[in-house]
Amino acid sequence: MSSPKQVLSDNIIVRHYKNGDEAKIVDLLNLCYGEWGEVAKWQGLFPRYPTFNKNDVFILESNGEIIGHRSSRFRHLITPDNRSIFTAQFADTAVHPKYRRFGLYTRLHGLTLHAVRAKGACLIFTTNLRGSTTYKHNKKTGFIELGWAPAYAKIINPGKFLRSGLSDFINKNQKIRDSLQDLRNNLFFSIGKTEFSAVELLGEPAQQPKTSGSRVSIIFDESPLFLMTKFRTSSRLQRIASLVLLLLCGRIRIKFSSFKALAKFIRKGVRVLASL
Amino acid sequence: MYNSISNKSLHYARDEQVLRYLTHYPGVNEDGIFIAEGNQEITGLAIVAITQLGELRQGNIIELQAKDAPSLDSLVRTALNYCEDKYLDVTMVAPPVRLDLEKTFSGWRKFETSVTMCKLLSALPLIKALFDNKGITNSYSGKRIVFYIGSETIEVEITPESVRVAKGNSNDNKAAISVTMSGEVLLALAFGITNSYRAFLTRQLRIGRLRDAPFILKLLSKIKLNMPLFLALGDRV
């Protein structure tokens, strides 16, 4: 960027990070990503990184409000025979929901690509959820998808892991939130000794089912828990296929307290499946 | 320890500054940094960062590196005990790929939450890094190749001692072998996503004179970087 500030469109400017922006940036990231974290996390990830420079953070601002953010991190990639490749990585890109569909992401993307190229990076990396808008945009604009070494996880508390995974998935998918409204008081999830209701996942206070005969319990085995980590990155077809497979293998069981509950679940469950 | 480990994967550079940064990473306490020692030398390092996502308390082993499998195994066990003692809900780690992980990670689950994407910004430094190796200088010395990659023209001259890579002049390359491809194809070749023969047959890779094709295809098969890309959790932003 040749000048520190550029006017993108009516009242929207792009500028670099300055001290005092942290809380507003984190508010934006929490709005766009759900539970992103706190100011200490942002400071730890970016300003404290050894190669950090204030010009590596791009801010979109409208009337004093931060409405967009992207950080870049510069580092050397080392090959197995010790050759070094200077690279950059984009991180935590966000545009405020109210300002989407105005081409701001595309403009920000263009500016940041230009800036990292000017600093001498020969490769740029991003991390995206497969199928997301940014993933599709990157695919169209010359990015290729790479494999990376796998990560491993050990679940210590399966109940909390399931609850957190479901809550994250439901709260980031408005369609499934809406379709769960009809079942919210009657739908329960359980794993081992832990049980919680759909109402709790929706962030509302727990309630007893209106009638005891309308209760539906989805009982998880521990083995499909890792499905939760892949669920957001899978296509709808993959999600439905894995759920059906898990049901057929008995890894997930559904218990109905009455025939009425079964009938209601079939009627409303189709909507939930369609919104997956 | 880091300098003495021969990595078999692509990885981000580690120096004192980066290690100091990782030991002060958000959520890292002094009691969450573990060192493995053998014969009075450091044989491994694990750093655990405690984070909270909503209700879920995670113990992320943001850095794990070891010289040998026993050191890795004891570091992972110690880190897991630490997470259990802190009543965390889940422990995550991206272990180095060069060691045998089967025994250490039995009972753990592999997972993938997102994908890494990469775009070529400037072909010249990448070509320099890819071609500057002894396998190429020994076998292909005396060759002069001009690469047309997107809008960049890059001239590569291979000598017995080194590979000279420079921005080329498109008017002065009649004597050289010309190779045309997009930035995506160069990356796909480098990261082993496609191979030179497939790229040539699908016309993603064009070679000026057909008689040079066998040589160029063989040369391009040697620029492949060892994958996978190793990203410790502390490197993932």
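## Domains of the two chains

The C-alpha centres of domain 1 and domain 2 of chain B lie 40 Å apart, where domain bounds come from an automatic or database domain assignment. Domain 1 of chain B covers residues 10–111 and domain 2 covers residues 123–221. The model is a predicted one, in which local features need pLDDT of at least 70 and side-chain atom pairs count only at pLDDT 80 or more, while totals for chains, interfaces and linings use all residues. Residues are numbered from 1 along each chain as its sequence is written, and chains are lettered from A and ligands numbered from 1 in the order in which they are written.

Chain A is likewise divided into domain 1 (6–140) and domain 2 (158–274), with 35 Å between the C-alpha centres of these two domains. To the contact between them, domain 1 of chain A gives four residues and domain 2 of chain A gives six residues, two residues being in contact if their C-beta atoms, placed from the backbone, lie within 7 Å. The side of domain 1 of chain A that touches domain 2 of chain A consists of one nonpolar, two polar and one charged residue; here Ala, Val, Leu, Ile, Met, Phe, Trp, Tyr, Cys and Pro count as nonpolar, Asp, Glu, Lys and Arg as charged, and the others, Gly among them, as polar.

## Overall form of the chains

Chain B holds seven helices and 13 strands, these being DSSP runs numbered from the N terminus (helices H or I, at least four residues; strands E, at least two). The radius of gyration of chain B is 23 Å, well over the 18 Å that the globule rule gives for 237 residues, so chain B is more spread out than a compact globule; the radius is taken over C-alpha atoms, and the rule is 2.2 Å times the number of residues to the power 0.38. Along the principal axes, the C-alpha atoms of chain B fill a box of roughly 70 × 40 × 30 Å.

Of the 237 residues in chain B, 40% are buried, a residue being buried if 20 or more other C-beta atoms lie within 10 Å of its own, exposed if 12 or fewer, and partly exposed in between, with C-beta atoms placed from the backbone. In chain A, which has ten helices and twelve strands, buried residues make up 29% of the 276 residues.

## The contact between chains A and B

The contact between the chains involves 67 residues of chain B and 60 residues of chain A. On the side of chain B that touches chain A, the largest share, six residues, comes from strand β7 (residues 115–120) of chain B. The residues of that side of chain B divide into 41 nonpolar, 15 polar and eleven charged.

Strand pairing also crosses from one chain to the other, since strand β8 (residues 151–155) of chain A is joined by four bridges to strand β5 (residues 90–93) of chain B, and the two run antiparallel; two strands pair if DSSP finds at least two bridges between them. Within this pairing, Tyr152(A) has Val93(B) as its bridge partner in β5(B).

Strand β3 (residues 41–53) of chain B runs antiparallel to β4(B), with ten bridges joining them, and Ala46(B) stands opposite Leu64(B) in β4(B). The hairpin of β3(B) and β4(B) has two residues between the strands, and in it Gly54(B) takes a positive phi near 65 degrees.

## The open sheets

In chain B, five strands form an open sheet of mixed pairing in the order β10-β9-β8-β11-β12. Strands β10 (163–167) and β12 (205–207) of chain B stand at the edges, each with a single partner strand, so one side of each is left without a neighbour in the sheet. Strand β8 (residues 144–149) of chain B is joined by six bridges to the antiparallel strand β9 (residues 152–158) of chain B, where Tyr148(B) has Thr153(B) as its bridge partner. Helix α3 (residues 123–131) of chain B lies across β8, β9 and β10 of chain B, at about 25 degrees to β9(B); axes are lines fitted to C-alpha atoms, for helices over the stretch in contact, and angles run from 0 to 180 degrees between N-to-C directions.

Chain A has an open sheet of four strands, also with mixed pairing, in the order β10-β9-β11-β12. In this sheet, strand β9 (residues 187–191) of chain A pairs with β10(A) in the antiparallel sense over four bridges, and Phe189(A) stands opposite Phe196(A) in β10(A). Helix α5 (residues 158–171) of chain A lies across β9, β10 and β11 (216–220) of chain A, running at about 140 degrees to β9(A).
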